[in-house]
Amino acid sequence: MSDTPENARSEHPAWDQRSNYDYRSQGIERPDLLAALDARVEGEVRFDSYTRNLYATDASAYKQLPIGVVAPVSTDDVRAVMTYCAGNDIPVLPRGGGTSLAGQAVNEAVVLDFKKEMDAVLDVDPDARTVRARPGITLARLDDRLAGHGLKYAPDPAWGDKSVLGGCIGNNSTGAHSLKYHKADGYLESVEAVLADGTVTELGWMDVEELHERADWITETINGDGTPEGLEDRIYAEVSRILREEREEIRRQYPALKRNVSGYNLDRLLEDAEERGEVNLARLLAGSEGTLAIVTEATVSLEPVPPETSVVLLTYDDILDAMADVALTLEHDPAAVEVMDDVFLDLAADRPEFSSVVGTLPEGTDSTLLVEFYADSTAEGKRKVADLLADRLPGHEATVDPSDGAGGRTDAPVRAVDALEAYDPDRQAKFWKMRKAGLPILLSRTGDEKHWPFVEDTAVPAANLPEYVADLQELFDEHDTFASYYAHAGPGVLHVRPLLNLKTEDGVQTMETICDRVTDLVVECGGSVSGEHGDGRARTRWNRKLYGDRLLETFRDLKTAFDPDWLLNPGSVCGEFDPTENLRFDPDYEFEAGFDPVLEWKNENGFQGMVELCHGCAGCTGHQETTGGVMCPTYRATENEEITSTRGRANMLRQATSGDLPEDPTSEEFVHEVLDLCVGCKGCKTDCPSGVDVAKLKAEVKHQYHQREGIARRDRLFANVDRLFSLGSTFAPLSNWATEIPGAGLLMEEALGIARERDLPSFELRQSGRRESGRPGAGGGRHPRRDTGRCDRQRSARTLQKHARPRSWDGSGERRRPRSPRPGRLGRGGRRTVRGGDVPGRLPRPACRRRRRGGGVERLRRPRIPRYVPAGRGPRLRDRWGDADLPRPLPAERDHERAPRSGCPSPCRLGRRRPRFDLLWDGRVLWLRGRTLLDERGHRSTPLRTGRGVLGRTGRGSRNLLPVTATRCRQAGGRTGASDPGAGRGSGRVDSHERPYQGVGRDGVSRDGLARRQG
């Protein structure tokens, strides 16, 4: 999106004069302040109750209603807001993607939303390895712009495709690969910043001697009251004083960890001064959480993208065994070491996208270590994995031989049980996706007890992890709860999330007790109370315990030098936040929907549980090119409009049912502004890691609204679109002429709310009287009762294909030319049909033919059967079997994304039960019926007595049997041609003692995983 407001407003749907969506409520808070700011800035200014509630939460456990929201489009907008607010003692909070986990992105202040407009890359210098960008750009989009130069921004937090550069700087973030890279401060070269009085300045490198000279000159020319005149003078004077007077205290109190982000960044200031003879005041802003200044542009240095990576997943029977292996694994110089415990794995196994990975783990796996190596070549990456396995899991047969002496690097006992290697990018991506989805997976519980993040960011030296985790387990046992342990074990950062019910007084009291005890353990182990996510509301209180009274006062003096009136995100880092106040769920929380749900809600707590499920992780706010998936089309169309995101809708509904919003969730304005633009695509249910189903929530609420207000004409029209299209095709071409009459588009817009620019379908005249025989491809019309077994959704999905001709989508109104038929495909009544465009080559035709009713002409019948499994998407084998065992595509798929259907065995041989998969077997297409292979003519081929052999079952009947390739059969002890089934090894038989196939069924559950879950 452009930084200029004219372009932004002309392209935004809300600025269309005909649009009846403004994404805000009618009630306005503080209209005088709204008018004052709106007159001074070019970006949007919103003070309505909807917008304020949308920005009242982030990804933490906290909630604080802001004063209002401004979406600046330039540095001038930020300066204008800060100048006016400073003159009127109004707090200001700079905010990025709202993904903060400690509550630093919520406050009673005017929120500056940088992600909405200020998201541009300003300059890339590949030679100097630097980039200058606005703070609202997501890290994934920034890396996408740098990929062509072979460079990347090194900090890579798990949620980098939703979090932004400004938030990364504000939290001093890093990521899973901090063993190789610095935190954000190590890459910050300079910033353009707006100070607390509205001054715009550039902060960057400065010689230490120059800093002291400037501070001495300021001291000599200060006012009579002993304070410098300008805000910049105060800053330089205070920084110089800290370097001169607090040097020893900083060395003594700061923990010796790479991942400490508690307090202000004084250790980095001192390190640069001693090692380089320079200081960078911009680096003081890293980790300041917006309390010192507001960054509007940043120049950051870059790192080259590693040529190759290799990954191994070590499995353990106990979390303490995994913790004990972390320090030993670090001796092999990995780029990342991540831990996942049994709580995490059990929840991941219930998610379809991760169940296949969890299902491949050995039975009884309690915890895993995900270890990644950087390498210059694939061979080097495999060798590094082999060296690690030779040391920590001797006897395991790695893909390649280890280096000489690798097995004797350490003499510690062997604790790992098994290992899964991954060199294929897709397999590595699945491992990493499961790990990075840890937070949403843990928060997929719909009950009152949830895994809360109040101590989830502690960090201790890796050597102290076993003792630390053992003490944590004892602590949680005392309070009759448990926690999940996951995240960056290599640098000693654990995300520890105890399971508590904060809706009760006991739950809140337990939270405070655990906070106090855990921070004591952290200090005893030489760690930090925050190793990644910052202080915010959750951990600011414990900085006194970590740093002592003297350094805490130093923090406050620095804060006062930058922000004399404490207007920038007041309370964070060095304030007095109470971690048990302003909770999203507390003992005063009450849920009252105002109606009795009518849909079936199978999750715990039913409708209420789904309403309260969203925790604000912002997984729904990524860009299409960096996150893929469906969720959420209207959010992407409106470009960062928070109310159209899954998070926005879910949080608004929760706040409406809990009384935070003054109106009923079934009111006309709420249904229209919050829910109406949800298109019911179910993308949220499948793509949200927590499984928030906004489409179903909308259906429940809108049903109650329709019960009271009735159903609008447009809703009735689209609900009966199949009947409408049937009438349109019956009266074609008159129905087509009616839509082309001048003024028809305007009438449609006024009467039905359908935009006049929208192209309508063009209908075809269909012959009536022919009745569908119930078989695909036979007959033309629809039998009135023959298809009653089909669901309405399937029937509606075919309505457009049945009655309408396609139009172009370019707005010209010109109809597309019909595409030429696909060779070898006949549709209803013998007419050739097209689906997906021309596909080169002919497919094998089935032998059976049927007579068309009433015509006496033989026509080829093509049964409705699923396509064979595409290459690269089929079930995976165990790692040692290699990636060469994936199903090969048919020739017709090589140049096309979706393959056509192949031939079918004779129905007379298959009976009424159709085969569910076709298999590519030495270049021939075979069909699987039970344990028998049939060729394309339906003749019996090699019978397979599988047992637990190559072909595995995941359910009843043949519908869940898995596709097989010739390579798999050979490696399992069989061969591909027709042979005597009893001939032993080398025949079509697969003996039960052979290595079982570790594949995945159609339901996404592996055979081993299913067996474990069924007990």
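This is a predicted model: local features need pLDDT of at least 70, side-chain atom pairs count only at pLDDT 80 or more; totals for chains, interfaces and linings use all residues.
Residues are numbered from 1 along each chain as its sequence is written, and side-chain values use heavy atoms, with hydrogens and water left out.

A search of the whole structure returned 15 cavities of 30 Å³ or more. Here a cavity is a set of points, on a 1 Å grid over the protein atoms alone, where a 1.4 Å probe fits but cannot get out, and lining residues have an atom within 4 Å of a point. Grid points are joined across faces, edges and corners, and a volume is the space filled by probe spheres set on the points. The largest cavity holds about 740 Å³. Its lining consists of 45 residues, of which T99, S100, G167, N171 and S173 are the closest to the centre. By class, the lining comprises 20 nonpolar, 18 polar and seven charged residues (Ala, Val, Leu, Ile, Met, Phe, Trp, Tyr, Cys and Pro count as nonpolar, Asp, Glu, Lys and Arg as charged, and the others, Gly among them, as polar).

At least two lining residues each come from β3 (92-95), α6 (165-171), β12 (294-301), α15 (425-436), α16 (438-442) and β20 (495-500). Helix α6 gives the most, with six residues. Helices (H or I, at least four residues) and strands (E, at least two) are DSSP runs, numbered from the N terminus.

On the surface, L727, F731, L734 and W737 form a nonpolar patch with about 460 Å² of accessible area together. Patches are made of residues with over 30% relative accessible area and no salt bridge; like charges are joined within 9 Å, and nonpolar side chains (Val, Leu, Ile, Met, Phe, Trp, Tyr) within 5 Å. Accessible areas come from the Shrake-Rupley method with a 1.4 Å probe, and for residues only the protein chains shown count as cover. W737 belongs to helix α30 (residues 734-739) and counts as exposed, at 52% relative accessibility. Buried means under 20% relative accessible area, exposed over 50%, and partly exposed in between (1.4 Å probe, protein chains only).

Turning to charged contacts, the structure holds 51 salt bridges, each a side-chain nitrogen of Lys or Arg within 4 Å of a carboxyl oxygen of Asp or Glu. K162 pairs with D161, the closest N and O atoms being 2.9 Å apart; K162 is buried at 7%, and D161 is buried at 17%. K503 and D448 also meet in a salt bridge (2.9 Å, N to O). This pair links distant parts of the chain, 55 residues apart, with K503 in the loop between β20 and α18 (505-524) and D448 in the loop between α16 and β18 (450-451). K503 is buried at 17% relative accessibility, whereas D448 is partly exposed at 31%.

A further salt bridge joins D520 to K545, with 2.9 Å between the closest N and O atoms. D520 lies in helix α18 and K545 in helix α20 (residues 543-562), so the pair ties together parts that are 25 residues apart in sequence.

Finally, E238, R241, E245, E246, R550 and D557 are linked in a network of salt bridges.

Note on methods. On a 1 Å grid over the protein atoms alone, a cavity is a set of points where a 1.4 Å probe fits but cannot get out, and a pocket is an open set with protein on both sides within 12 Å along at least five of seven lines; lining residues have an atom within 4 Å of a point.
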